[in-house]
Amino acid sequence: MAKYIVRHARSNASCHRIRASCRPQNGAVTARTDDSLNAADLTPRDSADSTLLTPRLVTEPTVVVFWLAAADTLSADDQAEALDELNFTTEGIATTLGQHNIKLVPTNSDTIYVALPNRQRRMILLSGVDYPFGYVLVEPGTAERILAGVYSDQELLDEVEAYFDLPSSADSGAAHPRIST
């Protein structure tokens with residue numbers, strides 16, 4: 001499965017240095033399938049590459065993975081660790097999201113727009129959150145849930161199931177107690 005890497009655009013030299021030191025396993029994710037995203041598709045090439053800097057417009061149930069410019073204040077080791085955790089956790093929920101037709105999209109923009117039924121847009125501003133990376137759970141017509149920082153795969157899955165009102169994955173394999181009289 002492809003990695004859902006989100007990273008702020010840096011100058012060419014800095015970007016290549018960080019990429020080389022933080023992502024030694026990038027070679028393992030270079031294979032591309034028609035229906036999946038590749039790390040090369042999601043990682044800005046340089047500061048002029050603004051694909052991920054363009055604010056997202058959310059029109060359907062969506063989980064937005066964000067990585068903001070403020071993450072540059074973290075050390076390279078902390079950035080690498082946070083990025084690896086985001087990738088691992090995101091891969092863990094991708095199947096569940098796909099089964100329930102919930103989109104998974106990356107962004108480096110600090111702004112997300114939500115389409116409202118009256119042809120209006122509501123803005124979600126991510127600058128100023130506790131951590132410059134994390135997730136935004138959005139279902140148009142309801143309040144969003146911003147999950148800033150790193151979450152374990154089970155914590156994120158619990159948050160997604162609660163927000164989107166999905167059946168609990170913990171219940172699916174649990175044996176029910178026997179009732180005896």
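1. Helices H3 and H4 pack with their axes 9 Å apart, at an angle of about 35 degrees. Axes here are lines fitted to C-alpha atoms, for helices over the stretch in contact, and angles run from 0 to 180 degrees between N-to-C directions. The crossing of H3 past H4 is right-handed, that is, the near helix is turned clockwise from the far one by less than a right angle.

2. This is a predicted model: local features need pLDDT of at least 70 and side-chain atom pairs count only at pLDDT 80 or more, while totals for chains, interfaces and linings use all residues. Residues are numbered from 1 along each chain as its sequence is written, and side-chain values use heavy atoms, with hydrogens and water left out.

3. The chain has 5 helices and 7 strands, in the order α-α-β-β-α-β-β-β-β-β-α-α. Helices (H or I, at least four residues) and strands (E, at least two) are DSSP runs, numbered from the N terminus.

4. Where H3 meets H4, Phe88, Thr89, Ile93, Thr96 and Leu97 of H3 face Asp153, Leu156, Leu157 and Val160 of H4 in contact (heavy atoms within 4.5 Å). In H4, the buried residues include Leu156, Leu157, Val160, Glu161 and Tyr163; buried means under 20% relative accessible area, with a 1.4 Å probe and protein chains only. Just after H4, Asp165 has a positive phi of about 55 degrees.

5. The largest nonpolar core holds 23 residues, and Val63, Val160 and Phe164 have the most contacts inside it. Two or more residues each come from strand E2 (62-67), helix H3 (76-99), strand E6 (133-138) and helix H4 (153-163). H3 gives the largest share, 6 residues. A nonpolar core is a set of buried Ala, Val, Leu, Ile, Met, Phe, Trp, Tyr and Cys residues joined through side-chain atoms within 4.5 Å.

6. Val160 touches Val63, Ile93, Leu97, Leu137, Asp165 and Leu166, leaving aside residues up to four places away in sequence.

7. Gln79 is buried, at a relative accessible area of 5%, and its side chain reaches the backbone oxygen of Ala71 at 3.3 Å.

8. For the chain as a whole, buried residues make up 41% of the 181 residues. Of the contacts between residues at least 6 apart in sequence, 67% join residues at least 24 apart.

Notes
Buried means under 20% relative accessible area, exposed over 50%, partly exposed in between (1.4 Å probe, protein chains only). A polar contact is a pair of N or O atoms within 3.5 Å; within protein, one must be able to donate a hydrogen and the other to accept it, and residues adjacent in sequence count only if both atoms are side-chain atoms.
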